[in-house]
Amino acid sequence: MNLNLKTPIAFFDLESTGTNISTDRIVEVSILKVHPNGKEEIKTALINPTIPIPREVSLIHGIYDEDVKDSPTFKALSKDLHQFLAGADLAGFNVLKFDIPLLVEEFLRSGIDFDIEKRNILDAQKIFHMMEKRNLAAAYKFYCGKTLENAHSAEADTIATYEVFKAQVERYNGEEAEDLLGNKLGVFENDMKKIHSILNEKMVDLAGRFIFNQSGEECFNFGKHKGKTIEQVLKEEPSYYDWMMKGDFPLDTKRKFTQVKLRAFNQH
């Protein structure tokens, strides 16, 4: 079937030097632009990141320093890419958590304010997770190899959930749990408090520098103020805000920090 498009849609994917949005760089970009009339255009380019590509990362995507040493930098391509993406919605697989923030960061470093506010963002991964149900019957079949009889019976569901949970703890015991950005959340162990901690961390910003505590307050998730609320740090050490604004942090992290600061200021 053909997509019912009112505006162009750009499907894209990035390869990079790593997963840190503020310090890593794009090494390859591929964009498939589909127009409302069905016309398709594809643009793919290797990019010189101007920093070394770690070998462990090259082993994943197959792009080495030697491959990009004569390629243009992102800044050199930025105007052309910005024009190619003009007026287009953005689509991809897991683009919201990594690809879009990194793309925006690279454009900003090149002096271009890449606005995504008026674009539709279509993430195929989110559709996949939404529509391919991860319900109890599917989990029971996957983890226990059994068919759930009397589904939606309270007792059958309760027993099946217990069996699934035991199978999960056994399967993942000793494995490192990570979020979609590769941030390590802790080692999965047969310890209910540790499992609770892994499952219930709530990120405030894309990079996970801030999280919500159990009271729903934004807290630091790194450094000397880890565990303290943002508002508490702003009161105790106001200069920390300026330090972070000048520091090598993602722009999204700085934006969230500023939002909390402005909210706290307006409340007092």
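Q: Is Asn 94 buried or exposed?
A: Start with the cut-offs: buried means under 20% relative accessible area, exposed means over 50%, and partly exposed is in between, with a 1.4 Å probe and protein chains only. Asn 94 counts as buried because its relative accessibility is 13%.

Q: What kind of model is this, and how are residues numbered?
A: This is a predicted model, where local features need pLDDT of at least 70, side-chain atom pairs count only at pLDDT 80 or more, and totals for chains, interfaces and linings use all residues. Residues are numbered from 1 along each chain as its sequence is written, and side-chain values use heavy atoms, leaving out hydrogens and water.

Q: Where is Thr 50, and is Thr 50 buried or exposed?
A: Thr 50 lies in the loop between strand 3 (40–46) and helix 1 (55–61). Thr 50 counts as exposed because its relative accessibility is 56%.

Q: Why does Asp 70 count as exposed?
A: Apply the cut-off again. Asp 70 is exposed because its relative accessible area is 67%. Asp 70 is in the loop between helix 2 (65–68) and helix 3 (74–85). Its C-alpha atom is separated by 9.4 Å from that of Leu 46, 24 residues apart along the chain.

Q: Where does Lys 6 lie, and how far is Lys 6 from Gly 216 in space?
A: Lys 6 is in the segment before strand 1 (9–16). At 69% relative accessibility, Lys 6 counts as exposed. Lys 6 and Gly 216 are 39 Å apart, C-alpha to C-alpha, and 210 residues apart in sequence.

Q: Which residues does Phe 257 touch?
A: Contact means heavy atoms within 4.5 Å. Not counting residues up to four places away in sequence, Phe 257 touches Phe 210, Phe 220, Ile 230, Leu 234, Tyr 240, Tyr 241, Met 244 and Met 245. Phe 257 is in helix 11 (residues 251–267). Its relative accessibility is 0%, so Phe 257 counts as buried. From Ile 198, 59 residues apart along the chain, Phe 257 is separated by 23 Å between C-alpha atoms.

Q: Which residues is Val 187 in contact with?
A: Neighbours within four places in sequence are again left aside. Val 187 is in contact with Gly 174, Glu 175, Glu 176 and Ile 198. Val 187 is in strand 7 (residues 184–187). Val 187 is partly exposed because its relative accessible area is 33%. Val 187 and Lys 261 are 33 Å apart, C-alpha to C-alpha, and 74 residues apart in sequence.

Q: What domains does the protein have?
A: Domain bounds come from an automatic or database domain assignment. Here they are domain 1 (9–127), domain 2 (136–200) and domain 3 (210–266). The C-alpha centres of domain 2 and domain 3 lie 33 Å apart.

Q: Which residues does the UniProt annotation cover?
A: An unreviewed UniProt entry gives "domain: Exonuclease" for residues 8–174. UniProt positions use the numbering here, feature names are shortened, and annotations may be inferred rather than shown by experiment. The span of residues 8–174 is 44% helix and 19% strand, and its end C-alpha atoms lie 46 Å apart.

Q: How many helices and strands does the protein have?
A: The protein has eleven helices and ten strands. Its C-alpha trace spans about 60 × 60 × 40 Å along its principal axes. Of the 268 residues, 38% count as buried. Among contacts between residues at least 6 apart in sequence, 50% join residues at least 24 apart.

Notes:
Helices (H or I, at least four residues) and strands (E, at least two) are DSSP runs, numbered from the N terminus.
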